[in-house]
Amino acid sequence: YITIDEKRTLAREKGVIDSNHSILVSQAENWGITEQTGYLNYLTAYNNLNEYLAIILDDMTIGSTIESAEEMQSLFSSVYSGSSSMEEQFFQLNTGLVSGIDTRGKFELDLQCSSGPTVSIDNIPSTISAMLLLEGVEVTDEYLDSEFTWERVSEDRTADAEWRGGSVQGKSISISASDLVFKHASFLCTWKHFYSDTMFYTKTTSIAVAEEIPGEAAYQTEVISQNGTVFRMGDGFVTVLEVRVWQGGEEITEEFTDADFRWRRKSEDSYADSVWNSAHYSTGGKTITITQDDAIGRCAFFCDLLSKRS
């Protein structure tokens, strides 16, 4: 039996899966692997879970009975496994384990929105800028605007394909609330530089943007990973997560102290998450260093703002 509260939890998790699904579909289309078995298996798992949850979540005002918890767990597990496999494949493609891509240069691509993670409800334009780093040094100005291409990923894939004519280039784009779908969207930027007829560098990254919440007390937090968000399983890595706080399109991070923030982790292992969260709860800080010891498969790190500014 699934209670109303448990349905809400399922609905939230479905939202996370749907958001990640949009990114996976976009990248699969970008790399031209939509006919590969691994991708088709992932789509089957996603569709099976979607059909299963559609029945359960149809009425959120009452609880529901199910055949077994094992069936639902199996459906979720198949989606998590399939998405992890796809993310591993995209990692290989993005880091050069395919013909033509040069991996000798350690490039990183970062996106920043002038108004933080939100845009104005009054259609005031915001600017998303791409920043290309080589060994930690910004080199954006050394490459052509035409080498940076943009696309939108939202709940309306047909409209995404038609967004701004289907081809947007430049090191920055101007967006407003009219560019969002149901008040949110992700924007992907791909940098691709050919330095010979057959060899090239390429990086792809994305940023999620939502419509601002009206009201003076509406805070938005944004977490940025300095070394990217995808790492190879089994390999050592280090990245620094940094939190930023926005209000009404203005960054106000400096108005808070380290003690105002707490970090937490969410993965498929809730017990291990509880241990990690307990060990880090008293740490606080606007930044936190994450290594392979802190990650369990596909997991997410969150930063909670504990107090309002005085």
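**Ground rules.** The model is predicted, so I kept local features to pLDDT of at least 70 and side-chain atom pairs to pLDDT 80 or more, while totals for chains, interfaces and linings use all residues. I count residues from 1 along each chain as its sequence is written, and side-chain values use heavy atoms, without hydrogens and water.

**Entry 1, the sheet.** I looked up the strand order and got β2-β9-β8-β5-β6, an open sheet of five strands with mixed pairing. Strands here are DSSP runs of E with at least two residues, helices are runs of H or I with at least four, and both are numbered from the N terminus. Two strands pair if DSSP finds at least two bridges between them. β2 (118–119) and β6 (168–169) are at the edges with a single partner strand each, so one side of each has no neighbour in the sheet.

I then checked two of the pairings. β8 and β9 are antiparallel, with 11 bridges; K192 has T202 in β9 as its bridge partner. β2 and β9 run parallel and are joined by two bridges, and T118 is partnered with A210 in β9.

Which residues touch the most other members of the largest nonpolar core? I noted I128, L132, F148, W150, I173, F187 and W191, out of 25 residues. The elements giving this core two or more residues are β1 (107–113), β3 (126–134), β5 (148–153), β7 (172–175), β8 (184–194) and β9 (200–211). A second, separate core has 24 residues, including I2, I17, L24 and F90. By core I mean buried Ala, Val, Leu, Ile, Met, Phe, Trp, Tyr and Cys residues joined through side-chain atoms within 4.5 Å. Buried is under 20% relative accessible area, exposed is over 50%, and partly exposed is in between (1.4 Å probe, protein chains only).

A pocket is an open set of points on a 1 Å grid over the protein atoms alone, where a 1.4 Å probe fits, with protein on both sides within 12 Å along at least five of seven lines; lining residues have an atom within 4 Å of a point. Of its 14 lining residues, E151, R152, D160, A161 and G166 are closest to the centre. α1 (4–31), β5 and α4 (157–162) each give two or more residues to the lining, and β5 has the largest share, four residues.

I found G297 in the loop between β14 (287–291) and β15 (300–305). From G297 to F91 is 206 residues in sequence and 14 Å in space, C-alpha to C-alpha.
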